[in-house]
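User: I'd like to learn how to read a structure like this one, feature by feature. Could you walk me through it?

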Amino acid sequence: MNAHDNFPGRAPLPVATLGEEPAAAPGSLGVPQPQDPGKIRPLPEDALIVLPVRNVVLFPGVIVPIGVGRRRCQAGVRAAVSDGRRLGVFLQRDPGIDEPGADDLHWVGTVATVMRDMAAPDGAHHLICQGEQRVRVLQFLEGWPFLVARVAAVTEAEPETPEIEARALTLRERAGEILDLLPEAPAEIAAALRGISSPARLADLIASLLDIELEEKQTVLETFDLRRRMDTVLRHLNRRIEVLRLSRQISDQTRETLGEQQRRHLLREQLKTIQKELGEGEDQAEELAELREAIERAGMPQEVHAQVLKELRRLERMPEGAAESSLTRTYLDWMVELPWRSEETEVIDVTAARTILETDHYGLDKIKRRILEYLAVRKLNPAGKSPILCFVGPPGVGKTSLGQSIARATGRKFIRVSLGGVHDEAEIRGHRRTYVGALPGNIMQGLRKAGTTHAVFMLDEIDKLGAGGFHGDPSSALLEVLDPEQNSSFRDNYLAVPFDLSRILFVATANVLDTIPGPLRDRMEVIELPGYTEEEKLEIARRYLVPRQREANGIAATGQGELDTAALQILVRDYTREAGVRNLEREIGAVLRNLAVRLAEDAAVPAQVDPAEVRAILGPARHEREVAMRTGLPGVATGLAWTPVGGDILFVEASRVPGSGRLILTGQLGDVMKESAQTALSLVKARAASLGADPLGFEKIDVHVHVPAGAVPKDGPSAGVAMFTALVSLVSDRVVRSDTAMTGEISLRGLVLPVGGVKEKVLAALRAGVTRVLLPARNRRDLEEVPAAAREQLELVWLESVDDALAAALEDVPAGA
């Protein structure tokens, strides 16, 4: 049988027996019978040895490899190869049947020539077969140890019509498109497609190459009409093109997103392998085990413990080189190192605490009493909440050192955080972990450093917090920290879990209260620290400053360079003028450094430093008591002012020049102070007759009021009494007493109204050498805040009206009398 044999197609016939062999028993159709292999009868001329295949459909003109492993099929292959016969390759209907019969095969197949037969040691054959022509089975024959069937060749007409040519052209184009979409498609396939001129062979080759189901390929093989066959192949081809296009589009999209991750993963795996070869990275499991033990020992609350274990499990699943691994490890380190439970046993000794406070600080009785009250309450009620204290006072009065003494007296650790200039809420509450370089806030950082919540936490310069902006408001973030009702569950943004701050004794410091927001100020117990009197400064210098500076300058062990009381008085009066003692310590240090130079040069050094030695070292006095000199003329009065660094004195000078009744104000005065000057002048004009002045004379003169130190801005209502007194002194030509200073606001009715800062103003008058102070009578309640030593040295005059001020401040006789 060859490619030109032409057997008319007929329906499959029932199995018949040829030759002299008896018919097969019922149910034994197609089952091989035992025979002697050497006695195989020859096959009829129109019969083919049938080769059943499971996973391939052979098309005419196509070369495919076929593996033969079943014994029955191997016998057929051997017989065909030995006789030089061709095979009939037919697809099984069910690939799971090992011994297929006639009904288990498709009855349309392909005649194939065995181009090469390779036998394996186990008896299997590997064939290279080339399909030649479609055939249909007419009848399966028995009597051979392999399947044999009579077949009829299928004649294929190839009409040369435009429709066929168009379909062939479309098939070739679509095949080219699919080759472009396939990755690394062999160039030989494209060359083979270009070299085929027959439309039938082109359709068969493309069908054999398509990735479709075997049943679909068998359908193409059984389609004898060329036009319908080409349409079927074209339909499958178009479908595969669409699938491949979508696959490439999806692949391109995912490659962009996953390419970098895959590259990093590959590099991490390579790094892990390298580290393993070098013996590195083997202790990661040990480190994670230690971290788990540390978590169990930390004593975290149940909610926090569950969150930390969740993060630990995430860390265990991460590759060691993952970007998030270091972030999670840092977070867990923070959680482990925070003091979740305070193991210190608090032993409170009120008597010992009193001794420590008295040793460290002179005076400050009110603050010492409040601290001892806190310790007593803590001893009786250990579960009570700690107060939030705020020390307010000028620089140099010992606010920060007082916090250190509180820590020493209570047996706590001392933590200090400066809030000056802080303008970001994250400095208090921390950054969220989504930010690069995120860290907890200053509160959590301080506690981690201290390692305990049994501490005194000082929030220094709380009045200098930056204004809120797009970074958030730090003062609002402090509300939760400094509220005893809320800080037991303070939540830092970085930790994202509640933390108990209620055991911490918070102490804030400030120079002024005005810049602290009201809600924040309301949460703190404000304790004001006044400036020191001269006697207190002398005692502080003798007890603390001189010994500290002698030690710092290396002359403590020499027994020389002691400053006597007179020398300290000179330093306090002539070289410093401040509410605190910071500059006083600097001046003492300057004197002792001069002595240290002389000791280093083996020069003579006095055992006691007297005032003359102080003047020789520091030079002329920097401050002088100019009250008497300033107030020796009419129109000059001494006023008292409050400043953020303590009280101070100021002089009000008034003069008259020919003019048109104008009021001239100089000295960089604020709006309130300008209004006080206008009120004082109006009151003087209203009382001109009683003061011995011509009421109409003010229309011919200009009154000039000047407050010296013009470079310093000044404002406030408390200069009203001083301005009125200076104007009355001017128009009455009477001198204001040089030992008198005054403060108070006035009204157009002549009343003296109360003012603030009485304590600071009184101490400023005492520092300036004033012995009489005129105060509003309604400020008598503030007298308790003035130190007793200052009250004993001053004569305090209480004013109800401006008449009281004139009676107490003006000399009885005119100037020059």
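Analyst: Let's begin in a sheet: Cys 390 has Ala 508 of β12 as its bridge partner. Strands (E, at least two residues) and helices (H or I, at least four) are DSSP runs numbered from the N terminus. Before going on, keep in mind that this is a predicted model, where local features need pLDDT of at least 70 and side-chain atom pairs count only at pLDDT 80 or more, while totals for chains, interfaces and linings use all residues. Residues are numbered from 1 along each chain as its sequence is written, and side-chain values use heavy atoms, with hydrogens and water left out.

User: Which strands does β7 pair with, and in what sense?

Analyst: Two strands pair if DSSP finds at least two bridges between them. β7 runs parallel to β12, with 5 bridges, and parallel to β13 (residues 525-528), with 4 bridges. On the β13 side, Phe 391 has Ile 527 as its bridge partner.

User: How do I read the two faces of β7, covered or open?

Analyst: In a regular strand the side chains alternate between the two faces of the sheet. In β7, one side carries Ile 388, Cys 390 and Val 392, the other carries Leu 389 and Phe 391, and all of these are buried. Buried means under 20% relative accessible area, exposed means over 50%, and partly exposed is in between (1.4 Å probe, protein chains only). That makes 5 of 5 residues buried in β7 (388-392), a mostly covered strand.

User: How many disulfides does the whole structure have?

Analyst: A disulfide is a covalent bond between the sulfur atoms of two cysteines. The search looks for a pair of cysteine sulfur atoms within 2.5 Å, and it finds 0 in the whole structure. Cys 129 counts as buried because its relative accessible area is 0%, and Cys 390 is buried too, at 0%.

User: And aromatic pairs: how many are there?

Analyst: A pair of aromatic rings is described by the distance of the centres and the angle of the planes. Rings of Phe, Tyr and Trp (its six-membered ring) pair if their centres lie within 6.5 Å; planes under 30 degrees apart are stacked, over 60 edge-to-face, and the rest tilted. The count here is 4. One of them is Phe 457 with Phe 506: the centres are 5.5 Å apart and the planes are at 35°, so this pair is tilted. The two are 49 residues apart, Phe 457 in β9 and Phe 506 in β12, so the pair links distant parts of the chain. Phe 457 is buried at 0% relative accessibility, and Phe 506 is buried at 1%.

User: Why is helix α15 called largely enclosed?

Analyst: Because 7 of its 8 residues (474-481) are buried. Among them are Leu 478, Leu 479 and Glu 480. The buried residues pack against several elements, including α14 (442-450), β9 (455-460) and β12 (505-510).

User: What does Ser 729 touch?

Analyst: Contact means heavy atoms within 4.5 Å. Not counting residues up to four places away in sequence, Ser 729 touches Pro 634, Gly 635, Val 636, Arg 734, Val 735, Val 736 and Leu 810. Ser 729 sits in helix α23 (residues 720-732) and is buried at 0% relative accessibility. Its C-alpha is 7.4 Å from that of Val 636, although 93 residues separate them in sequence.

User: Is Glu 811 buried, partly exposed or exposed?

Analyst: Partly exposed, because its relative accessible area is 34%. Glu 811 lies in strand β26 (residues 810-814), and its C-alpha is 9.2 Å from that of Ser 729, 82 residues away along the chain. Beyond four places in sequence, Glu 811 touches Arg 734, Val 735 and Arg 737.

User: Where does pLDDT stay under 50?

Analyst: pLDDT is the predictor's confidence in each residue, from 0 to 100. It stays under 50 over residues 1-38. Where pLDDT is low, the predicted coordinates should not be read in detail. The chain averages 82, and 89% of the residues score at least 70.

User: And the overall numbers?

Analyst: The chain has 26 helices and 26 strands, and 47% of its 817 residues count as buried.
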